[in-house]
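User: Please take a close look at one helix pair in this model. Then place that pair in the fold around it.

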Amino acid sequence: MRTIKAEIIHDAVVNLVLTAARYLPEDVKQAIADARENEDSASAREILGQLLENAELAASSGLPLCQDTGVGVFFVELGDQVHVEGNLIEIINNAMTEGYDKGLLRKSLCHPLTRANTGDNSPAVVHVDIVPGDKINIKHMAKGGGSENMSRCTMLTPAQGWEGIKEFVVRRMAEAGPNPCPPTIVGVGIGGTFDLAPTLAKKALFRPLSEPNPDPELAAMEEELLAEINKLGIGPMGLGGKTTSLGVKIEMRPCHIASLPLAVNVQCHSSRIKEVEI
């Protein structure tokens, strides 16, 4: 059994929060650059160029990529041979709030009804899976409200199958239009249960754009969905073009014989994700 001190996890999470807010992942920058080269629309090329410039300015200045610094979301893989000194959820939450303070990041969380701000962006949303091993892997996402608002979950009938899935995902992105600040990245969760499908969809967004689905069938489905979404012509920031989305990522799990849960979690062009292994 390996013991990991609370302060090690705390410091790692603070760094995740600060880094994710300021530095656009290299695979996303490359995808935007590639899209700019392939765009026919002058306005689309201009917008994509501005997104790249924004990424460079954030990295050089230490300012956040976007004023909406989002909800602190964490996916943790906790090794079954790890003993954490302290409460893991509390450690992550406290580190998240410290990171938002240190980075002067906007605190966006509020009471659902009174809209009173919590004041420190807490609580963090933390998902924990127990896995074999003596390490902790922590993935962080700063999830903005604009893209999250465009996300949806539904329960299809089994008979609707792939065609029903495709129709729902593409229609959702058409309805979303410019609201999630395209070009987007689209996470799709298929199967599981009503509550699991959205988690799968969000988890899918952590897979790098350059990394195809390891399942060839799902990889082909991702490519088909991406092509159909980009045919919508919404384009960067909704002003037209071939680049409505940079990628589609699918996570799938078995489901009940009577059900076909489906969720779409939309990510904006500012895909603020970072991970660390301890």
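Analyst: In this predicted model, helix α6 (residues 161–176) and helix α8 (residues 216–230) have axes that come within 10 Å. They cross at roughly 40°. The two helices are therefore oblique to each other. The crossing of α6 and α8 is right-handed.

Which residues make the contact? From α6 come W162, K166, V169, V170 and M173. From α8 come M221, E224, L225, E228 and I229. Sorted by class, the contact of α6 with α8 has seven nonpolar and three charged residues, and no polar ones.

Now the sheet that goes with this pair. It is an open sheet of four strands, ordered β6-β9-β7-β8. Its pairing is mixed. The edges are β6 (152–156) and β8 (245–255). Each has a single partner strand, so one side of each is left without a neighbour in the sheet. From one strand to the next, the twist averages 15°.

Within it, M155 has P261 of β9 as its bridge partner.

How do the helices sit on these strands? α6 lies across β6, β7 (184–192), β8 and β9. It runs at about 30° to β9. α8 also packs on the sheet, where it touches β7 and β8. The direction of α8 makes about 135° with that of β8.

A second sheet gives a point of reference. It is open, with four strands in the order β4-β2-β5-β10 and mixed pairing. β4 (125–131) and β10 (273–277) stand at its edges. Each of these has a single partner strand, so one side of each lacks a neighbour in the sheet. The twist here averages 15° from one strand to the next.

Strand β2 (residues 71–79) and strand β5 (residues 136–143) run antiparallel and are joined by eight bridges. E77 has N137 of β5 as its bridge partner. Helix α7 (residues 196–204) packs on the sheet and touches β2, β4 and β5. Its direction makes about 90° with that of β2. Helix α4 (residues 88–102) lies across β2, β4 and β5. α4 runs at about 140° to β2.

Helix α2 (residues 26–38) and helix α3 (residues 42–61) pack at an angle of about 155°, with axes 9 Å apart. That makes α2 roughly antiparallel to α3. α2 passes α3 in a left-handed crossing.

On the α2 side, the contact residues are K29, I32, A33, A35 and R36. They meet R45, L48, G49, L51, L52, A55 and E56 in α3. By class, this contact of α2 with α3 has seven nonpolar, one polar and four charged residues.

Last, the annotation. An unreviewed UniProt entry lists residues 11–276 as "domain: Fe-S hydro-lyase tartrate dehydratase alpha-type catalytic". Over residues 11–276, the chain is 39% helix and 24% strand. The end C-alpha atoms of that range are 11 Å apart.

Back to the pair you asked about. α6 and α8 are oblique, with a right-handed crossing. α6 lies across β6, β7, β8 and β9, and α8 touches β7 and β8.

Methods:
Residues numbered from 1 in each chain as written. Predicted model: local features only at pLDDT ≥ 70, side-chain atom pairs only at ≥ 80, totals over all residues. Heavy atoms only, no water. Axes fitted to C-alpha atoms, helices over the stretch in contact; angles between N-to-C directions. Parallel < 35°, antiparallel > 145°, perpendicular 65-115°, else oblique. Left-handed = near helix turned anticlockwise from the far one by under 90°. Contact = heavy atoms within 4.5 Å. Nonpolar A, V, L, I, M, F, W, Y, C, P; charged D, E, K, R; others polar. UniProt positions renumbered as here; feature names shortened; annotations may be inferred. Pairing = 2+ DSSP bridges.
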